[in-house]
Amino acid sequence: MELENLKVNGKIKLSSYPTALSQNSSKKALKKQLKKERRELGEMQNTLYAHGKYSVLICIQGMDTSGKDSLIREVFKDFNVRGVISYSFKKPSERELQHDFLWRHYRALPARGKYAVFNRSHYENVLISRVKPEIVLNEKIPHINSLEDITPAFWEQRLEQINNFEQTIHQNGCIIFKFFLHISKDEQKHRILRRLNKPNKNWKFSPEDLKDRELWDEYTHYYEEAISATSKPHAPWYIIPSDSKHHARLLVAKIIKERMQTYTDIQNPSLPDELQDQISYYKKQLKDS
């Protein structure tokens, strides 16, 4: 599949995107390809760190069981630990609720030269909060006193705030990737059953998974609205077919590498001329020591 075809441009319907690709490659072959891609990504990350002017934010979204955790583990396995950190955003704490909804995400942004991976992200505030709007009442926003106050205009404003947030950090050197791991409802059922059938996977199961599954169509609708409204050239969304975790991991790695290669100014810095001229002297000094 052409990687460009996975990028969102304009309004979308998720039903028009595949959840699976034809199985032309074995799992072994896909793993081998991923190993090569992530090794190259690791080398590129070292250069980004040394260059020290850009940062990279990667947002991973998807329905329950879409493979977010394992994708993060496998794609970023060859990164230097000092240059990448992963955040999993859960229910906001009391302290976080004392600030605007983006505050905790600002605090988790990567420093220059580093990657941050958001396992779920600021988009939860226009997804789960939209399916369950009572969550918004906990945010103590002025003039939002009841569910009736949470109007369509409120959500349009929130999407605009997300766009402004991403534009601001992009303009200050943050390279943004947003991936939606697109699985079918049948594949989700298979993965939940596997959690129940394997004792060592039972801990991953929650009855809430089944309640959320009943809201599949509602979540899909709000994903479509959020992705359509916020996929921008500087912060594009990619819809990743994820019924096969191996395909999904490889596609994400390839997309990151391909786009990072367009930043041709990211190079290892050179030593100042006065030090460069003395390299032979320093080598001799070391040999004689």
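Analyst: The secondary structure comes to twelve helices and five strands. This is a predicted model.

User: Why is His51 called buried?

Analyst: Buried means under 20% relative accessible area. His51 has 17%, so it counts as buried. The residue is found in helix α1, residues 27-51.

User: What does His51 touch, not counting residues up to four places away in sequence?

Analyst: His51 touches Asp265, Ile266, Gln267 and Pro269. Contact here means heavy atoms within 4.5 Å.

User: Why is Lys201 called partly exposed?

Analyst: Buried is under 20% and exposed is over 50%, with partly exposed in between. Lys201 has a relative accessible area of 32%, so it is partly exposed. Lys201 lies in the loop between α7 (185-197) and α8 (207-213).

User: Which residues form the positive surface patch?

Analyst: Lys27, Lys31, Arg194, Lys198, Lys201 and Lys204 form it. Patch residues need over 30% relative accessible area and no salt bridge, and like charges are joined within 9 Å.

User: What share of the residues is buried?

Analyst: Buried residues make up 47% of the 289 residues. The accessible surface comes to about 16100 Å², and 49% of it belongs to carbon and sulfur atoms.

Conventions. Residues numbered from 1 in each chain as written. Predicted model: local features only at pLDDT ≥ 70, side-chain atom pairs only at ≥ 80, totals over all residues. Heavy atoms only, no water. Helix = DSSP H or I, 4+ residues; strand = E, 2+ residues; numbered from the N terminus. Buried < 20%, exposed > 50% of the residue type's maximum accessible area, 1.4 Å probe, protein only. Patch = residues over 30% accessible without salt bridge, like charges linked within 9 Å, V, L, I, M, F, W, Y side chains within 5 Å. Areas by Shrake-Rupley, 256 points an atom, 1.4 Å probe, with all protein chains shown as cover. Salt bridge = Lys/Arg side-chain N within 4 Å of Asp/Glu carboxyl O. Lys, Arg positive; Asp, Glu negative; His and termini not counted. Charge placed at Lys NZ, Arg CZ, Asp CG, Glu CD.
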